[in-house]
Amino acid sequence: MDKKTKDLVNKGIMLPLMEEFYTIQGEGSHTGTAAYFIRVGGCDVGCHWCDVKESWNADLHPPTLADTIVDNVKKYTNTVVITGGEPLMWSMDYITKLLQKNNIKTHIETSGAYSFSGKWDWFCLSPKKTKLPLNECYLEADELKMIIHNKSDFEFAKEQAAKVGEKCQLYLQPEWSKKEKMTELIVDYVMKNPKWKISLQTHKYLNIP
Ligand SMILES: C[S@@+](CC[C@H](N)C(=O)[O-])C[C@H]1O[C@@H](n2cnc3c(N)ncnc32)[C@H](O)[C@@H]1O
Ligand SMILES: Nc1nc2[nH]cc(C(=O)O)c2c(=O)[nH]1
Ligand code: SF4
Ligand SMILES: [Mg+2]
């Protein structure tokens with residue numbers, strides 16, 4: 001990467017773009033809502049069950065101007081979900097300001113493991129044991145989405161819920177490869193602990209991106 005491109009990526013004016021697609025938000029609070037997804041490359045949180053490991057190496061994804069991405073979004077809808085990889089590895093200030101200037105609602109999917117940036121209409125925090133969220137990210141969470149891969153993840157979910165604000169919505173989502181067993185446990189847990197709700201990866205059941 002030349003120096004000029006590197007500089008633009010550092011400022012968030014360009015982002016390593018893995019893919020962009022118009023689909024239905026499959027998870028969490030906005031499940032069922034049409035949204036344009038922007039998947040940014042780069043992540044070193046290292047979840048062994050991650051369903052987009054191809055995103056991890058940022059060098060494999062071409063630096064793309066945020067202005068070009070926003071022009072694409074405008075053709076489709078008024079809600080964007082920025083995901084990854086780990087979007088907060090990059091400055092989200094430039095792209096989110098530009099999106100909001102164009103009356104596009106900005107949603108993020110993040111582990112919260114990197115410093116907060118951006119202006120968000122919806123902040124979905126999905127903490128990981130391997131690299132915990134920074135305190136500044138807990139404060140921003142509108143939605144806490146805990147992935148349940150084994151029984152001990154319920155205890156981790158409880159600990160993480162103690163760190164978010166009162167208005168934050170709480171979700172338990174079965175890890176896809178363990179979904180039969182974990183969904184059953186989550187159903188039982190939610191009935192006993194009704195402040196939690198269940199989130200399913202509905203796009204995978206629908207066979208859409
Ligand atoms: C691929 S991640 C990208 C955003 C960010 N790195 C994060 O983890 O929040 C998007 C969402 O998918 C969830 N996820 C990833 N792999 C999953 C799996 N195998 N089963 C269920 N959810 C998964 C993550 O926890 C996160 O909420
Ligand atoms: N339809 C759909 N909904 C999603 N919600 C969160 C996703 C993600 O990978 O961040 C995702 C995704 O990849 N597809
Ligand atoms: S933090 Fe997100 S993108 Fe990174 S490995 Fe975990 S699930 Fe995958
Ligand atoms: Mg996904």
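Mentor: Start with Q25, in the loop between β1 (14-24) and β2. Keep in mind that this is a predicted model.

Trainee: Why does Q25 count as buried?

Mentor: A residue is buried if 20 or more other C-beta atoms lie within 10 Å of its own. Q25 has 21 C-beta neighbours inside 10 Å, so Q25 counts as buried. Leaving out residues up to four places away in sequence, Q25 touches H30, T31, G32, T33, A35 and V81.

Trainee: What makes E27 buried?

Mentor: The same cut-off of 20 or more applies. E27 has 20 other C-beta atoms within 10 Å, and therefore is buried. E27 is also in the loop between β1 and β2. Its contacts, not counting residues up to four places away in sequence, are K145, Q173, S199 and Q201.

Trainee: Why is P209 called partly exposed?

Mentor: Exposed means 12 or fewer neighbours, buried means 20 or more, and partly exposed is in between. P209 has 13 C-beta neighbours inside 10 Å, so P209 counts as partly exposed. P209 lies in the segment after α7 (202-206) and touches F21, T23 and H203, not counting residues up to four places away in sequence.

Trainee: Which residues does UniProt mark as "binding site"?

Mentor: An unreviewed UniProt entry places that feature at I24, Q25, G26, R39, T83 and P209. The residues that surround ligand 2 in the model are T23, I24, Q25, G26, E27, F37, T83, E109, H203 and P209. This shell divides into three nonpolar, five polar and two charged residues.

Trainee: How do you know that the buried residues of α5 are on the same side?

Mentor: The buried residues of helix α5 (residues 152-161) are D153, A157 and Q160. They cover an arc of only 65 degrees around the axis, which puts them on the same side of α5. These buried residues pack against β7 and β8 (169-174). The face turned away from the buried side carries the exposed residues S152, E155 and E159.

Trainee: What residues touch the most other members of the largest nonpolar core?

Mentor: That core has 43 residues, and V80, I82, I95, L144, M146 and L172 touch the most other members. Strand β2 (residues 34-40) gives the largest share of this core, five residues. As for L172, its contacts include M146, I148, A157 and I186, not counting residues up to four places away in sequence.

Trainee: Which residues come nearest to ligand 1?

Mentor: Of the 18 residues around ligand 1, those are D51, E109, S126, E175 and W176. At least two residues of this shell come from each of β4 (79-84), β5 (105-110) and β7 (143-148). The shell divides into six nonpolar, seven polar and five charged residues.

Trainee: What is around ligand 3?

Mentor: The residues there include C43, C47, C50, E86 and K128. The shell around ligand 3 divides into five nonpolar, five polar and two charged residues.

Trainee: Where does UniProt place the "Radical SAM core" domain?

Mentor: The unreviewed entry puts that domain at residues 30-209. In the model the span is 29% helix and 23% strand, with its end C-alpha atoms 16 Å apart.

Conventions
Residues numbered from 1 in each chain as written. Chains lettered and ligands numbered in written order. Predicted model: local features only at pLDDT ≥ 70, side-chain atom pairs only at ≥ 80, totals over all residues. Near = placed C-beta within 6 Å. Helix = DSSP H or I, 4+ residues; strand = E, 2+ residues; numbered from the N terminus. Nonpolar A, V, L, I, M, F, W, Y, C, P; charged D, E, K, R; others polar. UniProt positions renumbered as here; feature names shortened; annotations may be inferred. Arc of directions from axis to C-beta. Contact = placed C-beta atoms within 7 Å. Core = buried A, V, L, I, M, F, W, Y, C linked by C-beta atoms within 7 Å.
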